[in-house]
Amino acid sequence: TSGLRDAAAAKGKHIGVATQSWYLTDSKYSSLLSNEFDIITPEYQMKMSEIQDQRGVFDFTEADKIVDFAKRKNILVRGHALIWHDALPSWVVNGNFSKTEWIQILKDHITTTVSHFKGKIYAWDVVNEAFWTNGDYRPSIWYTNIGPQYIEMAFKFAHDADPSAKLFYNDFDTEVTNAKSNAMYQMIKSLKSKGIPIDGVGFQTHLTTDGVNYNDMTNNFQRFAKLGLDTDITEMDVISHVFKGSFEAKMKATADVYSNVYKIALSLPSCKVFMTWGLKDDHSWLNEDTGFQEYPLLFDNSYNKKPAYTAMESLLKK
Ligand code: G3I
């Protein structure tokens, strides 16, 4: 291997991408991925709607393809996402159960899924996106039917099923100090004080070419690190349709955001993992999500390295 993964490993860091099982059968894609990256996340195929579409009927076929590929290529796997408000099967969305039964459903999903992959998952996103922008709890089906305790329950069930996996809370728009990251901080501080097993915070880092306040981002990450947590970047991409200027200038602005964020990632011992949400631009969810042509990732549609890749590579070569 010769890509980013070796240079990152020399600095004690992991670097990776979100993927789909159907991408891995493409030899160009899979050889580039395994050359450049040493950690992957299933973008979709470990979500509840995909693995427990019918209650009590688990199908890990596609997720196993990703995990088996990772094992063959000496690549780590982030499991995503055990408990979330989205990608839920209809029997859950339309479910009408008692609180006790909702807790059993949460426990069964976590226990069965985490046990299935026991020993093969570097880190689990145990709970994903539990907060609103204003710092209130998001009224997900889990929150509404169980209350905020669903969060600590999820972490305990996951730990019982696989004590070897790191357990993460994962969210977006929490990279800097704001109502949402403050609420996340208070919640995680409380979990730690109760001895709930939680090892890290995933900062999804879905940004635009406007970037963020990078000093504040560093301070924000450090307050979580002081709680004894990993502070990993789990889903980075950069929306650029907001940028006014030439395509070249747009790619430079995108590269600057990646460079500024990666500088922070390399500077913090608590930031062990840096991941982008996809490998190449045409695979990005953003192309559907924003309704604009986006250039959010490190490789273009023809697998060429973009200025963002080169900016990060130069930081690693220092
Ligand atoms: O694969 C099926 C296909 O068989 C079917 O015909 C088609 C129409 O129903 O759906 C396809 O699945 C889609 C899947 O992406 C393909 O990967 C789902 O509809 C679609 O909802 C799903 O969207 C994903 C989304 O999460 C919701 O699960 C995106 O790919 C994925 O990028 C996005 O990722 C989220 C993270 O999990 C959490 N953080 C935010 C991030 C972006 O929203």
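The shell of residues around the ligand is made up of six nonpolar, five polar and four charged residues. Keep in mind as you explore that this is a predicted model. In total, 15 residues surround the ligand, and the closest are Gln-20, Glu-43, Lys-47, His-80 and Glu-235.

Let's look at some individual contacts. His-80 places a polar side-chain atom 2.7 Å from an oxygen atom of the ligand. Trp-277 also has a polar side-chain atom by a ligand oxygen, at 2.9 Å. A nitrogen atom of the ligand, in turn, lies 2.9 Å from an N or O atom in the side chain of Gln-204. How much of the ligand's accessible area does the protein cover? On its own the ligand has 780 Å² of accessible area, and the protein covers 54% of that.

Now turn to the spaces inside the protein. There are two cavities of 30 Å³ or more. Among the residues lining the largest cavity are Ile-83, Trp-84, His-85, Arg-138, Trp-142 and Tyr-150. Sorted by class, this lining has six nonpolar, three polar and two charged residues.

The second largest cavity has a volume of about 40 Å³. Its lining consists of Lys-47, Met-48, Ala-81, Leu-82, Trp-84, Asp-86, Ala-87 and Leu-88. Here the division is six nonpolar, no polar and two charged residues.

How values were computed. Residues numbered from 1 in each chain as written. Predicted model: local features only at pLDDT ≥ 70, side-chain atom pairs only at ≥ 80, totals over all residues. Heavy atoms only, no water. 1 Å grid on protein atoms, 1.4 Å probe; cavity = no way out; pocket = protein on both sides within 12 Å on 5 of 7 lines; lining within 4 Å. Points joined across faces, edges and corners; volume = space filled by probe spheres on them. Nonpolar A, V, L, I, M, F, W, Y, C, P; charged D, E, K, R; others polar. Near = heavy atom within 4 Å. Polar contact = N/O pair within 3.5 Å; in protein donor to acceptor, adjacent residues only side chain to side chain. Areas by Shrake-Rupley, 256 points an atom, 1.4 Å probe, with all protein chains shown as cover.
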